[in-house]
Amino acid sequence: MAKLLRRAKETLVPDKGPEKESFGESQVAEALARLAGAMKTVLSASLLPPQSASFEALARLGGAPALAGRDLSALILATAEALEAQGQSSVERRGEAGSAAVALVDAQAILPMAESIFKRVPAVTEEATVELITRFEAVQAQSAKAADSARRIIERLEGGDKAVASAAAVASSTRAAIQKERGAVGGIVTNNRHNAKKLQEMGKELESGIVVVKEIEEINERSRLIAFNMAVEAARMGERGQGVRVIVNELRSLNDRTAQFSKEIVGLLSRFKAYSSDLIVEMSDHAERLNGEVMDGMDAAEAAMESLIASAAETERLSTGIAAASVEVQSNLDTVLEALQFQDITRQMIEGGLGILARIRGLSAAANLLGEGLGGGSREARARLEAYRGEFIAQAKTKDEKTAIMEAKG
Amino acid sequence: MNVLVVDDSSTMRKIIGLALGGAGHTYKEAEHGRDGLTKAKAEKFACIVLDVNMPEMNGIEFLKERAKDPALKAVPVIVLTTQDEEALKAEALGLGANSFLVKPFQKEVLIQTIAAVAGS
């Protein structure tokens, strides 16, 4: 018994707790049962925030979790010393203490498995965090590029860039010029139509001229008949009709020249009329064709200008949208950056929890030695431990958790 | 600005680096206090962001060593820790730290604090 107590003392953390004056026999089992309960509480509290009920329960046993181990050490040492001082133990006491020691196995079985699981958490979460950070960097870089491009486009469209500003101005002035030219072409076409009408009127005048000339020809025919009658009359007059014959000859010469002249005038007027008719047709066709082509070209140019101006407006609208979206993305990324820090905070909490578990494990081992000396069975303890292990493996939710439990040393 | 980030967590160093990079700062990394001291003496930094709980040399020990070196003492230090404790804050500020921030930090707060301490 004394040898076991020495080993128990050696195993315990050598912090000195408050001295206990004495321990009654009935307090031994109670103390060990409290210890087992405390260990379970420590286990559940190790990853819980300080405000949790488990933490408070642990604090009631010995203050903060980090100090609980020291106080429990004091409790076990005091128990061992009290038993040693009494120098003997009854069969009944052995039974009580042994049962309490067996209860300790609950904690002893759980601790190494919990440690093994907890140790894996930082590695697994770090892997995930690094992956997230890599993606975060990529998204941040792309978002920043998009925002930068959008900002530059907006600046250029708003007039910061002279080239773009002048292009926009040229587009607007070109549209205005096209609209002006459209008016000018319309004027030319109207003018052409007016000219054609004038030519048609002129053609009518020519028709009238031809009619007049034909009337002259009729008068000339009548004059020719008069000359013939005068010639017959001059022949009958003989020598006295000599003077009349001279007039008749002059009249015939005039008739011939008039007929020739009338013929030439009619020919000239007819050709002029034909030429004017052709000119009217050609001018009308040409003007209409020209008008159609020019209007089509202007429609296309005007549509292109409208499209260019609309494109600039659309680009500005899209760029403004991209810039706003990028600001939103950046804001969300800042939130992600904040959340990623919890991996490191969790790691530090787990490291703290593992420290506590290590101390409790030492205490549990020492208490188990004590329990063996008091009659508890190590075979029973091992059997319970294996039962726990099998149960935990069956309940494990992930492959990592299962591996951790299998690798845990009891 | 060129900032030295002293933290034993590689993920935390990357996270702080992302926040700094996003604000146009450059940074170097140190894995613990001793590494930080060596790098702070070898290169000129506008500011040091310092964790507390680290192996080899923790943040408090770093501040004590820094106080002995006039050149190093001139470089402002922002303590950035998960330990939100008044006693620790008082000790760090008492040893010459210029500011005390708690993790998880907000990017804007860190950047503004760097601007404030490095500008002073």
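Tutor: Leaving aside neighbours within four places in sequence, Thr11(B) is in contact (heavy atoms within 4.5 Å) with Glu126(A), Thr129(A), Val130(A), Ile133(A) and Gln343(A). This is a predicted model, where local features need pLDDT of at least 70, side-chain atom pairs count only at pLDDT 80 or more, and totals for chains, interfaces and linings use all residues. Residues are numbered from 1 along each chain as its sequence is written, chains are lettered from A in the order in which they are written, and side-chain values use heavy atoms, with hydrogens and water left out.

Student: Is Thr11(B) buried or exposed?

Tutor: Buried means under 20% relative accessible area, exposed over 50%, and partly exposed in between (1.4 Å probe, protein chains only). Thr11(B) counts as buried because its relative accessibility is 1%.

Student: Which element holds Thr11(B)?

Tutor: Helices are DSSP runs of H or I, at least four residues, numbered from the N terminus. Thr11(B) lies in helix H1 of chain B. Other buried residues of H1(B) include Met12(B), Ile15(B) and Leu18(B).

Student: What should H1(B) span?

Tutor: The expected span is 1.5 Å times one less than the number of residues. H1(B), residues 10-22, has 13 residues, so it should span 18 Å. Its end C-alpha atoms are 18 Å apart, which agrees. Gly24(B) follows H1(B), with a positive phi near 85°.

Student: How is the size of an interface given?

Tutor: Often as the accessible area lost when the parts come together. Buried area here uses a 1.4 Å probe and is summed over both parts. Chain A and chain B bury about 1600 Å² between them, 60% of it on carbon and sulfur atoms. Leu337(A), Gln341(A) and Gln348(A) supply 33% of the area that chain A buries against chain B, more than any other three residues.

Student: How many residues does each chain give to the contact?

Tutor: Chain A gives 19 residues and chain B gives 18 residues.

Student: How many salt bridges are there between chain A and chain B?

Tutor: A salt bridge puts a side-chain nitrogen of Lys or Arg within 4 Å of a carboxyl oxygen of Asp or Glu. The count between chain A and chain B is zero.

Student: Which elements of chain A give two or more residues to the side that touches chain B?

Tutor: They are helix H5 (91-160), helix H7 (242-340) and helix H8 (342-373) of chain A. H5(A) gives the largest share, seven residues.

Key. Buried area = accessible area lost by both parts, 1.4 Å probe.
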